[in-house]
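Hi there,

Could you take a look when you have a moment?

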Amino acid sequence: MAELPGCCRPCATCLLCLYSCRWISARKEKRKGLRTTKCDCSWFLFLFCVFLFTLVWLYFAIVILNDFHNFNEFIFKQRKLWLDWSLVLLIATAVLITYSAVLLVLALCLQLCGQPLKLHWVHKSLLIVTVLVVAAAFTGLGIKWAEEWRSARISLQATGPFLHIGIVGGMTLLAWPLASFIYCSRSAGLKVFLLLVYSAVMVVLYLSPLMITSPCIMEENQLPPKPALVGHRGAPMLAPENTLMSLHKAVGCDVQVFETDVMVSADGIPFLMHDEKLTRTTNVQDVFPERASLNSTAFNWTDLQQLDAGSWFLERRPFSTVQSLSAGDRKQASKQKIPSLEEVLEAAKHSNISIMFDLRPENHTDYQSFVNATLDAILQSGIPLQQILWLPDGFREQVKQQVPGIQQVYGRKRLQDEKEPLLHVNLPYQDMSSEEIRQYRQDNISVNLYVVNQPWLFSVLWCAGVSSVTTNACQVLKEMKHPMWLLPSSTYLMIWIVADCVSFLMILWAFLLVK
């Protein structure tokens, strides 16, 4: 195999050392007459596929970061261990993709230098391990977190145009080593096969924008208003969730609705708490160690008031933003207690912020008494009823009759034979397509989607026309004055044509230059 001009022997020797673990010079390698065999080509193809496989997993890992706090909470409930597992995920993914990417670059450089691709057995073993690890990650995602597949589909609306340009660019760069291999190969059948496969892939890539759809491909004057922000348990990145401090921080983020969860104590006092047990967000294991495993509703209000509902936030740091809190905020967070619904309604009334809540646990035998206690607290607070958004489905008709002024929010899509029109729906962001959001908006139905933390996702939903989003990151989304990108269809068409034409010309140049 002829050595290409411009490839120095020391460089070729170094590449061989890293890729093949052969600590001999390129000159000696050439004297041995070693060539890239079909088996070596198969391992190179396997390496290329592993790189693509890990690259796809990296994309998924970045997408699921929007929902990773839910995974952290799930692990804590199962193992009582709190850790930001997103860091573990990203570090492990970065190691795998860096390893496969370095090997791939080494292989391409060796091919350009006219050296044989003799992948060492250690690298082969590690590549197989990489495939098994990534396959296990995908399998676990499909079994335990299947809704993230829908999140990935939504993400393509935000990244599709840019992925197209990136993939076309990568495949264009691949033309140089491919041309080198084809001209140096003695197998006519292999040459034809590689050319046909490469040509087919490029044709598909050139035409792929015909299948790319995104709500952000629109004219500037067609952009809907910015969605309102709903604070998920307040502002949980800035204060302990479901506390008065969290509500006030949410107000400072221009949040229009405080979303929370209500439970009722053993002596009939509604209070704020998301989990059925108190272990994650209080120090119940220190104060009542023998009762720590009991349901939150098993405690009376006097007991609940003895618990610290803020120190866990500073100790476990559920979000990276905790590290940047001021000394005053840290002191305030450490003093947080479990608030009663009465206290929260009073704060909401003075802050002119609406409150939307679930009533938990839905399967409790005394659930009707929970509903009654909650309604009593709302009526006694004197808060304007239009500031209350009622989520619970249990005894909804009773609530409508007793307090008709409360806004009813439904956790489902409308039915074809709906007896009365829905005015508000609250759904996971994966459950509604851009087309459905537009249709609901045309029909004057308010759509709130949860939980939206990443700017790319907020941008897609903004372009689609969603009314509001529930978020943990109100301080981030508050600062967004515009979607991350907005392209008129004519501009996108021009970019598509230019990118494809430049790619085609560079591929022709690569084959002519290498020849």
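Below is what turned up, starting with how to read the numbers.

This is a predicted model, in which local features need pLDDT of at least 70 and side-chain atom pairs count only at pLDDT 80 or more, while totals for chains, interfaces and linings use all residues. Residues are numbered from 1 along each chain as its sequence is written, and side-chain values use heavy atoms, with hydrogens and water left out.

The protein splits into domain 1 (9-145), domain 2 (149-214 + 487-514) and domain 3 (228-478); these bounds come from an automatic or database domain assignment. An unreviewed UniProt entry places "domain: GP-PDE" at residues 227-481, and such annotations may be inferred rather than shown by experiment. Over residues 227-481 the end C-alpha atoms are 11 Å apart.

Now to the interface. The C-alpha centres of domain 1 and domain 2 lie 22 Å apart. Their contact (heavy atoms within 4.5 Å) takes 14 residues from domain 1 and 13 residues from domain 2. Together the two domains bury about 1200 Å², which is the accessible area (1.4 Å probe) lost on being put together, summed over both. Of that buried area, 71% is on carbon and sulfur atoms.

On the side of domain 1 that touches domain 2, α3 (38-64), α5 (85-112) and α6 (121-144) each supply at least two residues. The most comes from α3, with five residues. The helices are DSSP runs (H or I, at least four residues), numbered from the N terminus.

Best wishes
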